[in-house]
Amino acid sequence: MRIIINVSQFTFILFLLIHCLGSRRPIVTGYVDPQGSLRDVSVGNKFMVATGNPLATKAAIKVLEEGGNAVDAAIAALLVLNVTNGEAASFPSVAPTLIYENKTGQVKSYIGAGTAPKKATIEWFKEKGYDVMPKNSILSQLLPASPDVIVRLLQDHGTKSFSELVEPAIRTAEEGFPANRILVKNLDLPLYKRLGFTILMPYNSEVYLEKKWWYSIREAELTKRLDLAKTWKMMANEEKLALKRGNTRKQALEAVRNYFYKGPVSDAIVKLHEEKGGLFTKEDLSEYTGGWEKPVVGEFQDYQILSNQTWTQGPVVPMVLQLLDGINLKSMGHNSPEYIHTVAQAIELVIADRETYFGDPKFVSVPLDGLLSKKYAELRRKLLQKEAFGKTPPSGNPWAFSKQKPKLIQVSTHNHKDQSANEIKYGKDTTYVSIVDASGNAVSLTPSDFPQSPMVPGTGLTLGIRMTQFRLDPNHPSSLHPGKRPRITPNPGMVLKNGKLWMSFGTPGGDVQSQAMIQFFLNVIVFGMDPQKAVEAPRFRSVNWPDSFSPHAYRPGGIELEESLYKTVSNSLKAKGYKVYEKGNLDNDFGAVCAVINDVQKKRLLGVADPREVSFAEGR
């Protein structure tokens, strides 16, 4: 008897043989997902850490136990997250940061997003045939920010050396760590996309697939990042050599920064761009700088909500909460159709203003005082209606409430098609760090970026795709311009009460970040929930505007609900005119909020970790 098989059947059989016979990575014995079940809030009397991964939390705890402060611990946690969560928050990409100094009661914002290279112009991209910023391309890379953030934070507020703080990350990268369920989810591509990923970006495939495009990583498999460890060792060695030469701590830290932006690391980055037709130059890297700025502040009841400025979407959180202040949300009932409808509309009204006014304040005149005016919030509040907006509502005129010189009002028309995007999303999301130390100082930091553009060969460096948060529309506030920052989605938050730190919080999740933070805050403040129960509560998210990432997919009138919510409120929301989409319970598409709350009355710190990811809170 003859057996006849066609080419596709033969290919499938060959794939199965390779898949079964190919060597797999060793499984880490004893690995247990810390979020396999819901947990109680973490309680500490001295200090508290909540981050996107247990290994990062443990690294920060060790630094605090050894006398380091919140900034030292945050840097140690950030670097470990760059290993364990590298597919979601890579080194050396964006890292927007807020710092609270207990002695002065002051909150400072550090600009943790890179700028466009000097050659990057709308005209250049248009001439190349692009209508939106390309993905999966060397052209989607923004100048790296986190090395600048790390050095400046340590110089101005830290106590320890870079070489001390990077050691746990190097050890984790070299010895390996267990692949967690979110890493597996983020790297889950169909076979044909893994093959395409390998062809388009072979070094990325080497790092994340070990050159096995047919291979699909499993949870708890031992995972290493050896090239990244080598890069960090060289940076740390530069600091040690500077100290041996008699340089001060600050000078030695500057040597670390110079090694990256002016030395061998920048050479490797520029070499890649020259080979791949990218736009980075040595001058771009050597001249890059972040910088300190005043944070944005809004109010809700007795609380002051703080964010970075409008190079992030951070001001959305205080603006929405100001718009909702004075509305009796509690009487509506938690997650009732009326409550969801009211909060979603408030978010959509503020997002309309985000799309019209938010941009890099060094390039765009932003009427920030008008946007944060309580009178403006009151005016916008009057636009809340009984039915769904159905599309992104019109933006307002905050210039009328601003002390700045009025500008020509930009009317946001949002003439975008209802669309979804199809591209290689190898790695995604973001992560988060929240720390309060024994002296009451705090750090809120939201690192991000993913290997969807070519990594720098031999270095383990991922430069991300943040240029895709620019627009090729010169009238958009986040329009591309050389030296400009895109309006990025990562946005750490802080909350003060009577001038003292009450909470440091944030989340991964792109456009959902501000929405998840708002819902968590209201769960605690309005509904009096235990903070851990507040973070576990079912969530919703509006998608009634163009996505912040290119190609800016748009689903007019759309709202997504976790499964348990969908079962109870979807019909009521559909009756109000929403297009309702169902997602699974505790899905990280709805964010993964981490928070540290300063419970002054009981003289304790509360740590909150969202089970939607493998986030982990621990204190002493």
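**Entry 1: ground rules.** I am working with a predicted model, in which local features need pLDDT of at least 70 and side-chain atom pairs count only at pLDDT 80 or more, while totals for chains, interfaces and linings use all residues. Residues are numbered from 1 along each chain as its sequence is written, and side-chain values use heavy atoms, with hydrogens and water left out. For the element names I keep to DSSP runs numbered from the N terminus, helices being H or I of at least four residues and strands E of at least two.

**Entry 2: strand β13.** I looked up whether β13, residues 500–506, is covered, and found that 6 of its 7 residues are buried, where buried means under 20% relative accessible area, exposed over 50% and partly exposed in between, with a 1.4 Å probe and protein chains only. I then looked for its partners, taking two strands as paired if DSSP finds at least two bridges between them. Strand β12 (residues 493–497) runs antiparallel to β13 and is joined to it by 5 bridges, with Gly493 standing opposite Phe505. The two strands form a hairpin with 2 residues between them, and Asn498 in that turn has a positive phi of about 55°. β13 also pairs with strand β17 (residues 594–599), again antiparallel, over 4 bridges, and there Gly506 has Cys594 as its bridge partner.

**Entry 3: the sheet of 3 strands.** I traced an open sheet in the order β14-β15-β16, with mixed pairing. β14 (540–542) and β16 (579–583) each have a single partner strand, so one side of each is left without a neighbour in the sheet. β14 and strand β15 (residues 558–562) run antiparallel and share 3 bridges, with Arg541 opposite Glu560. Helix α16 packs on this sheet and touches β14 and β15, its direction making about 35° with that of β14; contact here means heavy atoms within 4.5 Å, and angles run from 0 to 180 degrees between N-to-C directions, with axes fitted to C-alpha atoms, for helices over the stretch in contact. I also noted helix α21 (residues 563–575), which lies across β14, β15 and β16 at about 145° to β15.

**Entry 4: α16 against α19.** Next I followed helix α16 (residues 337–357) to helix α19 (residues 512–525), where the axes come within 11 Å and cross at roughly 135°. The two helices are therefore oblique to each other, since angles under 35 degrees count as roughly parallel, over 145 as roughly antiparallel, 65 to 115 as roughly perpendicular and the rest as oblique. On the α16 side I listed Tyr339, Val343 and Ile347, which meet Gln515, Ile518, Leu522 and Asn523 in α19.

**Entry 5: the sheet of 7 strands.** I read the order of another open sheet as β7-β4-β3-β11-β10-β2-β19, with antiparallel pairing. Strand β10 (residues 433–436) and strand β11 (residues 442–445) are joined by 4 bridges, and Ile435 has Val443 as its bridge partner in β11. Helix α3 (residues 70–84) lies across β2, β3, β10 and β11, running at about 155° to β10.

**Entry 6: α11 and α12.** Last, I checked helix α11 (residues 249–261) and helix α12 (residues 264–276), which pack at an angle of about 20° with their axes 4 Å apart, and are therefore roughly parallel to each other. Tyr259, Phe260 and Tyr261 of α11 make the contact with Pro264, Val265, Ser266 and Ile269 of α12.
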